[in-house]
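This report is written for a reader meeting the structure for the first time.

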Amino acid sequence: MQQLQNEHKAVFERLLALENEVGNLMLGQVLEGTNALLTMPVFIENAILPHFKIEEQTIFPILANGTPQEMELVKGLLAEHIVLRDLFYSYLMEVRKGVVTEELLTLSKHVCYQLTTHAKKEDALLIPLLRKWLNLGSGGPSPEHAPPIVFSEEEPNSQSS
Ligand SMILES: [Fe+2]
Ligand SMILES: [Fe+2]
């Protein structure tokens with residue numbers, strides 16, 4: 001559970017850096033050296049997408065037999081993952097052009113807003129429910145058993161689609 005919250009915290013920090021950078025770019029500032037905008041694709045592939053996968057395979061199933069409201073929450077979060085994956089795809093396509101375009105800045109803002117909203121929703125609604133379920137000894141898998149996610153800056157060896 002703590003791991004999930006720590007990962008959300010890391011995501012918030014990253015998105016804040018990205019948001020600031022996009023804001024500066026929109027004001028006409030020029031990018032220099034390593035920056036949040038260009039390192040974001042690696043972060044998406046090495047940290048965010050594996051995080052989604054663990055939530056879908058390990059965390060969400062814990063609530064799969066919950067109350068109608070709990071099931072509705074999981075359904076909503078899953079739908080948000082689908083929307084976010086599409087958004088990441090568009091973002092990755094645009095960032096790989098290697099040029100800072102208006103489209104890239106707009107997509108970056110969408111990524112920041114939608115991913116932050118999603119992670120905040122999980123912190124506010126999902127994590128308290130998981131605590132409740134795990135304290136009741138539901139017998140489901142514990143999130144702490146999920147393999148650790150490494151926030152690596154290195155390019156992934158291979159990309160799966
Ligand atoms: Fe999620
Ligand atoms: Fe999450």
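## The crossing of α3 and α4

In this predicted model, helices α3 and α4 cross in a left-handed sense. Sorted by class, the residues in the contact of α3 with α4 comprise 14 nonpolar, 5 polar and 5 charged ones. The two axes approach to within 10 Å, and the crossing angle is roughly 155°. Because of that angle, which is over 145°, α3 is roughly antiparallel to α4.

## The chain as a whole

The chain contains 4 helices and 0 strands, and its pattern along the sequence is α-α-α-α. Of the 161 residues in the chain, 18% are buried.

## Helix α3

Helix α3 covers residues 68-95, a run of 28 residues. From its first C-alpha to its last, α3 reaches 40 Å, close to the 40 Å expected at 1.5 Å a residue.

The buried residues of α3 are Val74, Leu77, Leu84, Phe88, Tyr91 and Val95. Their cover includes α2, which is formed by residues 36-59, and α4. As a general point, an α-helix has 3.6 residues a turn, so residues three or four places apart point the same way.

## Helix α1

Just after α1, Gly28 adopts a positive phi of about 100°.

Buried positions in α1 are Leu4, Glu7, Arg14, Leu15, Leu18 and Val22. Both α2 and α4 are included in what covers the buried residues of α1.

## The crossing of α1 and α4

Helix α1 spans residues 2-26 and helix α4 spans residues 102-135. Their axes come within 9 Å and cross at roughly 155°. As this angle is over 145°, α1 is roughly antiparallel to α4. The crossing of α1 and α4 is left-handed.

On the α1 side, the residues that meet α4 include Leu4, His8, Val11, Phe12, Leu15, Leu18, Val22 and Leu25. On the α4 side, those that meet α1 include Leu105, Cys112, Leu115, Ala119 and Ile127. By class, this contact of α1 with α4 has 13 nonpolar, 4 polar and 4 charged residues. Leu4, Leu15, Leu18 and Val22, which take part in the contact with α4, are also among the buried residues of α1.

Glu7 and His51 are 44 residues apart in sequence, while their C-alpha atoms are 8.0 Å apart in space.

Leu25 also has its place in helix α1. With 17 C-beta neighbours inside 10 Å, Leu25 therefore counts as partly exposed. Although Leu25 and Glu102 are 77 residues apart along the chain, their C-alpha atoms are separated by 9.8 Å.

Notes. Residues are numbered from 1 along each chain as its sequence is written. Chains are lettered from A and ligands numbered from 1 in the order in which they are written. This is a predicted model: local features need pLDDT of at least 70, side-chain atom pairs count only at pLDDT 80 or more; totals for chains, interfaces and linings use all residues. Axes are lines fitted to C-alpha atoms, for helices over the stretch in contact, and angles run from 0 to 180 degrees between N-to-C directions. Helices (H or I, at least four residues) and strands (E, at least two) are DSSP runs, numbered from the N terminus. Angles under 35 degrees count as roughly parallel, over 145 as roughly antiparallel, 65 to 115 as roughly perpendicular and the rest as oblique. A crossing is left-handed if the near helix is turned anticlockwise from the far one by less than a right angle, and right-handed if clockwise. Two residues are in contact if their C-beta atoms, placed from the backbone, lie within 7 Å. Ala, Val, Leu, Ile, Met, Phe, Trp, Tyr, Cys and Pro count as nonpolar, Asp, Glu, Lys and Arg as charged, and the others, Gly among them, as polar. The expected span of a helix is 1.5 Å times one less than its number of residues. A residue is buried if 20 or more other C-beta atoms lie within 10 Å of its own, exposed if 12 or fewer, and partly exposed in between; C-beta atoms are placed from the backbone.
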